[in-house]
Amino acid sequence: MKKILRVACFSALILLSSALASRAADRSAFGAPGTLGQAGVLTLYNQPEEEGPGFFSSLFDGWFDGQPKVNDNTLDAREFKLRIRELADQLLSAMPTAGLSGYIALPASFVNQDDFDDTSSFGRYIAEQLFHEFNQRGFPVWEYRYSGVLDVRPEGEFVLSRDLGAFSGKEGNVAFVTGTYFHEKDVTFVNARMIRGSDGLVLRTANLIIESNDVVDHFFVRSGSSRRLPTGTMSIVNYEAAKKPAATPKPAKLPPATPVDQGKDIH
(Lines give C-alpha, C1' and ligand atoms only; values in the text may rest on other atoms or scores of the structure.)
Protein backbone atom coordinates (compact mmCIF):
# COMPACT_ATOMS: atom_id res chain seq x y z
CA MET A 1 0.00 0.00 0.00
CA LYS A 2 2.80 2.41 0.92
CA LYS A 3 4.54 1.63 -2.37
CA ILE A 4 1.37 2.50 -4.32
CA LEU A 5 1.02 5.82 -2.47
CA ARG A 6 4.65 6.72 -3.16
CA VAL A 7 4.21 5.97 -6.87
CA ALA A 8 1.02 8.09 -7.01
CA CYS A 9 2.65 11.06 -5.26
CA PHE A 10 5.71 10.83 -7.49
CA SER A 11 3.52 10.80 -10.62
CA ALA A 12 1.57 13.83 -9.41
CA LEU A 13 4.80 15.76 -8.80
CA ILE A 14 6.02 14.94 -12.31
CA LEU A 15 2.77 16.20 -13.87
CA LEU A 16 2.86 19.39 -11.77
CA SER A 17 6.49 20.04 -12.71
CA SER A 18 5.62 19.60 -16.38
CA ALA A 19 2.76 22.08 -16.11
CA LEU A 20 5.01 24.66 -14.42
CA ALA A 21 7.74 24.18 -16.99
CA SER A 22 5.26 24.58 -19.85
CA ARG A 23 3.88 27.80 -18.36
CA ALA A 24 7.42 29.16 -17.87
CA ALA A 25 8.31 28.35 -21.47
CA ASP A 26 5.24 30.17 -22.73
CA ARG A 27 6.12 33.25 -20.68
CA SER A 28 9.71 33.19 -21.96
CA ALA A 29 8.61 32.97 -25.58
CA PHE A 30 5.78 35.47 -25.53
CA GLY A 31 6.60 37.66 -22.57
CA ALA A 32 4.49 38.90 -19.71
CA PRO A 33 1.33 40.87 -20.49
CA GLY A 34 2.17 44.22 -22.02
CA THR A 35 5.79 43.23 -22.96
CA LEU A 36 7.62 42.03 -26.07
CA GLY A 37 8.75 38.38 -25.69
CA GLN A 38 11.65 36.53 -27.29
CA ALA A 39 9.39 35.44 -30.12
CA GLY A 40 8.76 39.08 -30.99
CA VAL A 41 5.07 38.86 -30.10
CA LEU A 42 3.46 41.64 -28.08
CA THR A 43 1.32 40.04 -25.37
CA LEU A 44 -1.73 42.11 -24.40
CA TYR A 45 -3.70 42.01 -21.18
CA ASN A 46 -6.60 39.56 -21.21
CA GLN A 47 -5.45 38.15 -24.53
CA PRO A 48 -7.47 34.95 -25.22
CA GLU A 49 -5.57 31.74 -25.87
CA GLU A 50 -6.03 30.07 -29.21
CA GLU A 51 -6.26 26.60 -27.70
CA GLY A 52 -8.31 25.50 -24.74
CA PRO A 53 -6.53 25.00 -21.41
CA GLY A 54 -5.20 21.60 -20.48
CA PHE A 55 -6.22 19.64 -17.41
CA PHE A 56 -3.69 21.22 -15.06
CA SER A 57 -4.15 24.68 -16.55
CA SER A 58 -7.87 24.57 -15.79
CA LEU A 59 -7.32 22.95 -12.39
CA PHE A 60 -4.81 25.56 -11.22
CA ASP A 61 -6.11 28.47 -13.34
CA GLY A 62 -5.09 31.75 -11.71
CA TRP A 63 -2.65 30.18 -9.22
CA PHE A 64 0.45 30.79 -11.31
CA ASP A 65 -0.56 34.38 -12.19
CA GLY A 66 -1.26 35.36 -8.60
CA GLN A 67 -4.78 36.40 -9.69
CA PRO A 68 -7.49 34.06 -8.36
CA LYS A 69 -10.76 34.01 -10.22
CA VAL A 70 -13.34 36.59 -9.16
CA ASN A 71 -17.08 36.12 -9.44
CA ASP A 72 -18.62 38.08 -12.32
CA ASN A 73 -21.18 39.70 -10.02
CA THR A 74 -18.36 40.92 -7.78
CA LEU A 75 -16.67 42.56 -10.76
CA ASP A 76 -19.96 44.17 -11.81
CA ALA A 77 -20.51 45.48 -8.27
CA ARG A 78 -17.03 47.00 -8.18
CA GLU A 79 -17.60 48.59 -11.57
CA PHE A 80 -20.88 50.12 -10.36
CA LYS A 81 -19.13 51.54 -7.32
CA LEU A 82 -16.42 53.07 -9.51
CA ARG A 83 -19.04 54.68 -11.75
CA ILE A 84 -20.52 56.47 -8.73
CA ARG A 85 -17.01 57.58 -7.82
CA GLU A 86 -16.78 59.04 -11.32
CA LEU A 87 -20.04 60.87 -10.64
CA ALA A 88 -18.54 62.42 -7.51
CA ASP A 89 -15.41 63.40 -9.45
CA GLN A 90 -17.54 65.23 -11.99
CA LEU A 91 -19.37 67.09 -9.22
CA LEU A 92 -16.29 68.14 -7.27
CA SER A 93 -13.33 68.10 -9.66
CA ALA A 94 -14.64 69.64 -12.88
CA MET A 95 -14.32 73.22 -11.58
CA PRO A 96 -12.36 74.96 -8.82
CA THR A 97 -13.95 74.12 -5.46
CA ALA A 98 -13.59 77.67 -4.11
CA GLY A 99 -17.21 78.36 -4.97
CA LEU A 100 -18.30 75.46 -2.74
CA SER A 101 -16.37 76.61 0.31
CA GLY A 102 -18.50 76.59 3.45
CA TYR A 103 -21.25 74.38 2.04
CA ILE A 104 -22.50 71.18 3.71
CA ALA A 105 -23.63 68.38 1.41
CA LEU A 106 -26.88 66.49 1.95
CA PRO A 107 -27.05 63.53 -0.47
CA ALA A 108 -30.64 62.46 -1.17
CA SER A 109 -32.23 59.59 -3.07
CA PHE A 110 -32.08 59.83 -6.85
CA VAL A 111 -35.57 59.64 -8.32
CA ASN A 112 -37.30 58.29 -11.40
CA GLN A 113 -36.99 60.85 -14.19
CA ASP A 114 -40.64 60.37 -15.13
CA ASP A 115 -42.00 60.39 -11.56
CA PHE A 116 -40.30 62.50 -8.90
CA ASP A 117 -42.29 60.69 -6.19
CA ASP A 118 -40.76 57.34 -7.14
CA THR A 119 -37.32 55.98 -6.30
CA SER A 120 -35.71 52.54 -5.98
CA SER A 121 -32.80 50.74 -4.36
CA PHE A 122 -30.75 52.07 -7.28
CA GLY A 123 -31.55 55.69 -6.39
CA ARG A 124 -31.05 55.13 -2.67
CA TYR A 125 -27.71 53.39 -3.16
CA ILE A 126 -26.30 56.25 -5.24
CA ALA A 127 -27.10 58.64 -2.38
CA GLU A 128 -25.55 56.30 0.18
CA GLN A 129 -22.37 55.97 -1.85
CA LEU A 130 -22.13 59.76 -2.31
CA PHE A 131 -22.02 60.15 1.48
CA HIS A 132 -18.78 58.19 1.32
CA GLU A 133 -17.34 59.82 -1.79
CA PHE A 134 -17.88 63.38 -0.53
CA ASN A 135 -16.50 62.53 2.91
CA GLN A 136 -13.36 60.95 1.42
CA ARG A 137 -12.70 64.18 -0.49
CA GLY A 138 -12.92 66.25 2.69
CA PHE A 139 -16.30 67.78 1.80
CA PRO A 140 -18.55 68.19 4.90
CA VAL A 141 -21.57 65.88 4.80
CA TRP A 142 -24.56 66.05 7.12
CA GLU A 143 -26.38 62.87 8.14
CA TYR A 144 -29.84 64.40 8.36
CA ARG A 145 -31.46 61.04 9.19
CA TYR A 146 -29.73 60.97 12.57
CA SER A 147 -32.51 60.56 15.12
CA GLY A 148 -30.49 61.90 18.06
CA VAL A 149 -31.08 58.75 20.12
CA LEU A 150 -29.92 55.15 20.16
CA ASP A 151 -33.02 53.01 19.82
CA VAL A 152 -32.26 49.58 21.29
CA ARG A 153 -34.66 46.88 20.15
CA PRO A 154 -34.58 43.07 19.97
CA GLU A 155 -33.88 43.38 16.22
CA GLY A 156 -30.80 45.53 16.81
CA GLU A 157 -29.58 49.02 17.72
CA PHE A 158 -30.82 51.86 15.52
CA VAL A 159 -29.63 55.45 15.15
CA LEU A 160 -30.89 56.36 11.69
CA SER A 161 -34.55 57.01 10.93
CA ARG A 162 -36.66 58.06 7.96
CA ASP A 163 -39.54 59.16 10.19
CA LEU A 164 -38.16 62.61 11.01
CA GLY A 165 -40.42 64.56 8.69
CA ALA A 166 -39.52 67.25 6.14
CA PHE A 167 -36.36 69.32 6.32
CA SER A 168 -35.93 72.89 5.12
CA GLY A 169 -32.58 73.78 3.64
CA LYS A 170 -33.31 77.48 3.10
CA GLU A 171 -31.20 78.48 6.09
CA GLY A 172 -27.46 77.90 6.25
CA ASN A 173 -25.02 76.82 3.56
CA VAL A 174 -26.80 73.63 2.55
CA ALA A 175 -26.20 71.91 -0.80
CA PHE A 176 -28.53 69.06 -1.69
CA VAL A 177 -26.93 66.34 -3.83
CA THR A 178 -29.53 64.47 -5.82
CA GLY A 179 -30.59 63.69 -9.38
CA THR A 180 -32.68 61.57 -11.70
CA TYR A 181 -32.32 58.30 -13.56
CA PHE A 182 -34.00 56.72 -16.56
CA HIS A 183 -33.80 52.93 -16.69
CA GLU A 184 -33.91 51.15 -20.03
CA LYS A 185 -33.35 47.50 -20.87
CA ASP A 186 -29.62 47.78 -21.58
CA VAL A 187 -28.58 51.06 -19.92
CA THR A 188 -29.53 53.52 -17.20
CA PHE A 189 -29.07 57.26 -17.72
CA VAL A 190 -28.11 59.14 -14.56
CA ASN A 191 -28.09 62.93 -14.10
CA ALA A 192 -26.83 64.44 -10.84
CA ARG A 193 -26.74 67.98 -9.48
CA MET A 194 -25.75 69.97 -6.42
CA ILE A 195 -28.53 72.41 -5.51
CA ARG A 196 -28.14 75.37 -3.18
CA GLY A 197 -30.77 74.94 -0.50
CA SER A 198 -31.49 78.66 -0.03
CA ASP A 199 -32.80 79.32 -3.54
CA GLY A 200 -32.48 76.16 -5.69
CA LEU A 201 -29.52 77.41 -7.71
CA VAL A 202 -27.71 74.53 -9.40
CA LEU A 203 -24.06 74.64 -8.31
CA ARG A 204 -22.68 71.58 -10.13
CA THR A 205 -23.91 68.88 -12.51
CA ALA A 206 -22.77 65.43 -13.61
CA ASN A 207 -24.08 62.55 -15.70
CA LEU A 208 -23.40 58.89 -16.41
CA ILE A 209 -24.57 56.07 -18.63
CA ILE A 210 -24.45 52.79 -16.70
CA GLU A 211 -24.64 49.50 -18.57
CA SER A 212 -27.13 46.96 -17.30
CA ASN A 213 -25.99 43.72 -15.67
CA ASP A 214 -27.32 41.34 -13.04
CA VAL A 215 -26.20 43.57 -10.16
CA VAL A 216 -27.62 46.81 -11.55
CA ASP A 217 -30.88 45.17 -12.62
CA HIS A 218 -31.36 43.72 -9.14
CA PHE A 219 -31.45 47.25 -7.71
CA PHE A 220 -34.58 47.93 -9.74
CA VAL A 221 -36.39 44.84 -8.45
CA ARG A 222 -36.63 46.51 -5.05
CA SER A 223 -38.22 49.70 -6.23
CA GLY A 224 -40.55 52.37 -4.97
CA SER A 225 -44.31 52.29 -4.66
CA SER A 226 -45.12 52.94 -8.32
CA ARG A 227 -43.02 49.97 -9.43
CA ARG A 228 -44.35 47.40 -6.98
CA LEU A 229 -46.00 44.35 -8.44
CA PRO A 230 -49.81 44.52 -8.49
CA THR A 231 -51.59 42.63 -5.73
CA GLY A 232 -54.67 40.46 -5.91
CA THR A 233 -56.69 37.92 -3.95
CA MET A 234 -57.36 34.22 -4.40
CA SER A 235 -59.44 31.64 -2.59
CA ILE A 236 -57.93 28.58 -0.93
CA VAL A 237 -59.89 25.31 -1.05
CA ASN A 238 -59.27 21.79 0.19
CA TYR A 239 -57.41 19.76 -2.43
CA GLU A 240 -59.55 16.65 -2.03
CA ALA A 241 -62.72 18.72 -2.28
CA ALA A 242 -61.40 20.45 -5.40
CA LYS A 243 -60.88 17.07 -7.12
CA LYS A 244 -64.53 16.03 -6.71
CA PRO A 245 -66.79 16.92 -9.65
CA ALA A 246 -69.31 19.60 -8.98
CA ALA A 247 -72.74 18.26 -8.06
CA THR A 248 -75.38 18.49 -10.79
CA PRO A 249 -78.04 20.94 -9.67
CA LYS A 250 -81.53 19.51 -9.30
CA PRO A 251 -84.10 20.84 -11.82
CA ALA A 252 -86.47 23.38 -10.42
CA LYS A 253 -89.91 22.02 -9.46
CA LEU A 254 -92.50 23.35 -11.90
CA PRO A 255 -96.06 24.21 -10.88
CA PRO A 256 -98.79 21.75 -11.95
CA ALA A 257 -99.96 22.03 -15.57
CA THR A 258 -103.18 23.94 -16.25
CA PRO A 259 -105.85 22.78 -18.73
CA VAL A 260 -104.46 25.28 -21.22
CA ASP A 261 -101.02 23.73 -20.81
CA GLN A 262 -102.57 20.34 -21.47
CA GLY A 263 -104.20 21.55 -24.74
CA LYS A 264 -107.80 21.32 -23.53
CA ASP A 265 -110.42 23.71 -24.66
CA ILE A 266 -111.89 25.93 -22.04
CA HIS A 267 -115.68 26.44 -22.27
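**Close-up views of a predicted model**

**View 1. Arg 204 is buried but has no salt bridge.** In this predicted model, you have to look 10 Å away to find Asp 89, the nearest side chain of opposite charge. What does the side chain of Arg 204 reach instead? Arg 204 itself sits in strand β7, which covers residues 202-211.

View 2. Two strands, β3 (146-153) and β4 (156-160), each supply at least two of its residues. Which strand gives the most? That's β3, with three residues. Take Val 152, which is found in β3: its relative accessible area is 57%, and since exposed means over 50%, Val 152 counts as exposed.

**View 3. Phe 122 and Tyr 181 form an edge-to-face pair.** The whole structure holds nine aromatic pairs. In this one, the ring centres are 5.3 Å apart and the planes meet at 75 degrees, so the pair is edge-to-face. Phe 122 belongs to helix α4 and Tyr 181 to strand β5, so the pair ties together parts 59 residues apart in sequence. Phe 122 is buried at 0% relative accessibility, and Tyr 181 is buried too, at 1%.

**View 4. Tyr 125 and Phe 219 make a tilted pair.** Their ring centres lie 5.3 Å apart, with the planes at 35 degrees. The pair links helix α4 to helix α5, with the two residues 94 apart. Tyr 125 is partly exposed at 25%, while Phe 219 is buried at 19%. Both belong to one aromatic cluster, along with Phe 80, Phe 122, Tyr 181 and Phe 220.

Notes:
Residues are numbered from 1 along each chain as its sequence is written. This is a predicted model: local features need pLDDT of at least 70, side-chain atom pairs count only at pLDDT 80 or more; totals for chains, interfaces and linings use all residues. Side-chain values use heavy atoms; hydrogens and water are left out. Helices (H or I, at least four residues) and strands (E, at least two) are DSSP runs, numbered from the N terminus. Buried means under 20% relative accessible area, exposed over 50%, partly exposed in between (1.4 Å probe, protein chains only). Lys and Arg count as positive and Asp and Glu as negative; His and the chain ends are not counted. A salt bridge is a side-chain nitrogen of Lys or Arg within 4 Å of a carboxyl oxygen of Asp or Glu. Rings of Phe, Tyr and Trp (its six-membered ring) pair if their centres lie within 6.5 Å; planes under 30 degrees apart count as stacked, over 60 as edge-to-face and the rest as tilted.
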